[in-house]
Amino acid sequence: MIGLYGRFARPLLGLLDPEDAHGLAIKSLKFAPLPRARADDPRLAVTALGLSFPNPIGIAAGFDKNAEVPDALLRLGFGFVEVGTITPRPQAGNPRPRLFRLEADEGVINRLGFNSQGAEAALKRLAARAHAGGIVGINIGANKDSADRTGDYVRLIELFAPLASYVVINISSPNTPGLRDMQRAVALDDLLARVVDARERVAERAGPTPVLLKIAPDLSLAELDDIVGIARSRRLDGMIVGNTTLARPPSLREAVRAKQTGGLSGAPLFPLATRMLAETYVRVEGVFPLIGVGGIDSGPAALAKFRAGASLVQLYSSLVFRGLGLIAEIKQSLLAALDRDGLDSLIELIGVDAAAVTAEPWPA
Ligand SMILES: Cc1cc2nc3c(=O)[nH]c(=O)nc-3n(C[C@H](O)[C@H](O)[C@H](O)COP(=O)(O)O)c2cc1C
């Protein structure tokens, strides 16, 4: 699905069914020789979650669901890669078509529904590259037909913690019926207690694996109060804000496609996701770092995420429309912003606009 070789391949890949194009992109990353991106300017380095990131731009979950190409993605210049969502058992996800491009909006709607080759396949691949280095987070989810969803997360933590730079508890996909209900206070407290407990149990052989929670951008502020309170009391290591939205901003130009069921990502998600990031930042009070994701398609958009409270950022949908050149472009733009302000590091910008963003009218 990604305009793999930049602008030239775009018209061709754009003709393909989006899911076929994505399959082709994964295949090319697996088999095509890739140039290694230039070494990162040290001013882009970030230390967070006890890890040293060469740069703060990651590829979001959902691109490499089965951990097939993490090393290729690192070579391309991402500072970190998040693979998954991985479910315990293989599952097919929803019937196709289930992935739609909103070209005029540079948005994507997906209702994939955790199509996953399952834990065993991913585990094998991750074990084979265990000593390759680079920061690889593992995003985990429950099977749709699971009788014990909390148990699924516990099992996957035990399984993947030894191989993960960090683990993400994904309870914010809109495409698995009932999954987002796990964000409710009582269920969430139980889930996080058990997940953190599992992490402690395996710490001796796995080390101190950071555990993060990925939330939906569609929460009310009262729900966000509860979630941040629970994440803090259960001593989570960080949060990712956030997943795709069920909302359909009135500004969308592709009115027909916009009616497709599923989660919306890409440029139209940016205002809501950035607002939720700032709202989360002011509630977290610096206790743990946030990863900002949703609609980043340029250097200024990435910079706005740091200023709203992100210590790290991730992107996915914009690669479809802008190609892989975007990674280098964002890095250049961030360095130019540091030069402009006479700063040595992005760390000095984290959250400086959070209060101002939360005072704006709610994004439509
Ligand atoms: C096709 C597609 C599949 C996705 N699959 C997952 C997933 O498996 N797990 C997850 O946590 N997020 C998934 N996401 C959400 C992204 O990780 C990200 O949170 C969201 O797309 C917003 O970022 P973006 O606007 O840069 O795409 C998916 C997004 C897309 C477009």
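The space taken by the ligand is the largest cavity in this predicted model. A cavity here is a set of points, on a 1 Å grid over the protein atoms alone, where a 1.4 Å probe fits but cannot get out. A molecule sits in a cavity if more than half of its atoms lie within 2 Å of its grid points. Strand 4 (80-86), strand 6 (107-110) and strand 11 (263-266) are the elements that give two or more residues to the shell around the ligand. Strands are DSSP runs of E with at least two residues, helices are runs of H or I with at least four, and both are numbered from the N terminus.

The ligand is surrounded by 25 residues. A residue counts as near if one of its heavy atoms lies within 4 Å of the molecule. The closest are Ala61, Thr85, Gly266, Gly295 and Ser317. The shell holds 9 nonpolar, 14 polar and 2 charged residues. In this scheme Ala, Val, Leu, Ile, Met, Phe, Trp, Tyr, Cys and Pro are nonpolar, Asp, Glu, Lys and Arg are charged, and the others, Gly among them, are polar.

The side chain of Asn139 places an N or O atom 3.0 Å from a ligand oxygen. Backbone atoms also take part. A polar backbone atom of Gly266 is 2.8 Å from an oxygen of the ligand. For Gly295, a backbone N or O atom lies 2.8 Å from a ligand oxygen. On its own the ligand has 600 Å² of accessible area, and the protein covers 97% of it. Such areas come from the Shrake-Rupley method with a 1.4 Å probe.

The count of salt bridges comes to 25. Each is a side-chain nitrogen of Lys or Arg within 4 Å of a carboxyl oxygen of Asp or Glu. One joins Glu68 to Lys30, with the closest N and O atoms 2.8 Å apart. This pair links distant parts of the chain, 38 residues apart. Glu68 is in the loop between strand 3 (57-59) and helix 3 (70-75), and Lys30 is in helix 2 (residues 18-31).

The peptide bond from Gly84 to Thr85 is cis, with omega near 10 degrees. Thr85 belongs to strand 4. The bond from Val241 to Gly242 is also cis, with omega near -5 degrees. Gly242 is in the loop between strand 10 (238-241) and strand 11.

Residues are numbered from 1 along each chain as its sequence is written, and side-chain values use heavy atoms, leaving out hydrogens and water. In this predicted model, local features need pLDDT of at least 70 and side-chain atom pairs count only at pLDDT 80 or more, while totals for chains, interfaces and linings use all residues.

Note on methods: A polar contact is a pair of N or O atoms within 3.5 Å; within protein, one must be able to donate a hydrogen and the other to accept it, and residues adjacent in sequence count only if both atoms are side-chain atoms. On a 1 Å grid over the protein atoms alone, a cavity is a set of points where a 1.4 Å probe fits but cannot get out, and a pocket is an open set with protein on both sides within 12 Å along at least five of seven lines; lining residues have an atom within 4 Å of a point.
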